[in-house]
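Hello,

Here is the structure for you to look over. My notes follow below it.

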Amino acid sequence: MPLAHLEPVILVGTEVSKANLHNQEFIDSKDIQIGDTVVIQKAGDIIPEVVRSIPEKIRH
């Protein structure tokens, strides 16, 4: 399972530093690149997942 490695953030009371990217098709469809700023959420209130990339932010 591909993972996004994040700067630690607090998400619904839990510190999160990794999030699920599902599979390569998901990554490609969302145009997620290394260094992107992303929106994350907890899937099923448990597993952190990337929702989308924020293209307005400059890629590092």
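**Asp36 and its polar contacts**

The side chain of Asp36 reaches the backbone nitrogen of Gln33, at 2.9 Å. This is a predicted model, so please read every value here as computed from it. A polar contact also links the side chain of Asp36 to the side chain of Ser53, again at 2.9 Å.

Where does Asp36 sit? Its place is the loop between H1 and strand E3 (38-43). Is Asp36 buried or exposed? It counts as buried, because its relative accessibility is 15% and the cut-off for buried is under 20%. For a distance across the fold, take Glu7. Asp36 and Glu7 are 29 residues apart in sequence, and their C-alpha atoms are 11 Å apart in space.

**What the record says**

UniProt, in an unreviewed entry, places the feature "domain: NAD-dependent DNA ligase OB-fold" at residues 2-57. In the model, that span is 52% strand and 12% helix. The C-alpha atoms at the ends of residues 2-57 lie 22 Å apart.

**The E1-E2 pair**

How do E1 and E2 run, and how many bridges join them? They run antiparallel, and six bridges join them.

Val12 counts as exposed because its relative accessibility is 67%, where exposed means over 50%.

Asp31 is placed in the loop between H1 and E3. That is also the loop that holds Asp36. With 40% relative accessibility, Asp31 counts as partly exposed.

**The core**

Which residues make up the largest nonpolar core? It has 11 residues: Ala4, Leu6, Leu11, Val16, Ala19, Leu21, Phe26, Ile27, Ile32, Ile40 and Val50. Strand E1 (3-11), strand E2 (14-20) and helix H1 (24-30) are the elements that give two or more residues to this core. E1 gives the most, with three residues.

**Ala19 in that core**

Ala19 is one of the core residues, and it is found in strand E2. Ala19 counts as buried because its relative accessibility is 1%, against a cut-off of under 20%.

What does Ala19 touch, leaving aside its neighbours within four places in sequence? Its contacts are Pro2, Leu3, Ala4, Leu6, Ile40, Pro48, Glu49 and Val50. Ala4, Leu6, Ile40 and Val50 are also listed in the nonpolar core.

Val51 gives one more distance. Ala19 and Val51 are 32 residues apart in sequence and 9.7 Å apart in space, C-alpha to C-alpha.

**Where to start**

- Asp36, with the Gln33 backbone nitrogen and the Ser53 side chain.
- Ala19, with its contacts, including Ile40 and Val50.

Best wishes

Notes. Residues are numbered from 1 along each chain as its sequence is written. This is a predicted model: local features need pLDDT of at least 70, side-chain atom pairs count only at pLDDT 80 or more; totals for chains, interfaces and linings use all residues. Side-chain values use heavy atoms; hydrogens and water are left out. UniProt positions are given in the numbering used here, feature names are shortened, and annotations may be inferred rather than shown by experiment. Helices (H or I, at least four residues) and strands (E, at least two) are DSSP runs, numbered from the N terminus. A nonpolar core is a set of buried Ala, Val, Leu, Ile, Met, Phe, Trp, Tyr and Cys residues joined through side-chain atoms within 4.5 Å. Buried means under 20% relative accessible area, exposed over 50%, partly exposed in between (1.4 Å probe, protein chains only). Contact means heavy atoms within 4.5 Å. A polar contact is a pair of N or O atoms within 3.5 Å; within protein, one must be able to donate a hydrogen and the other to accept it, and residues adjacent in sequence count only if both atoms are side-chain atoms. Two strands pair if DSSP finds at least two bridges between them.
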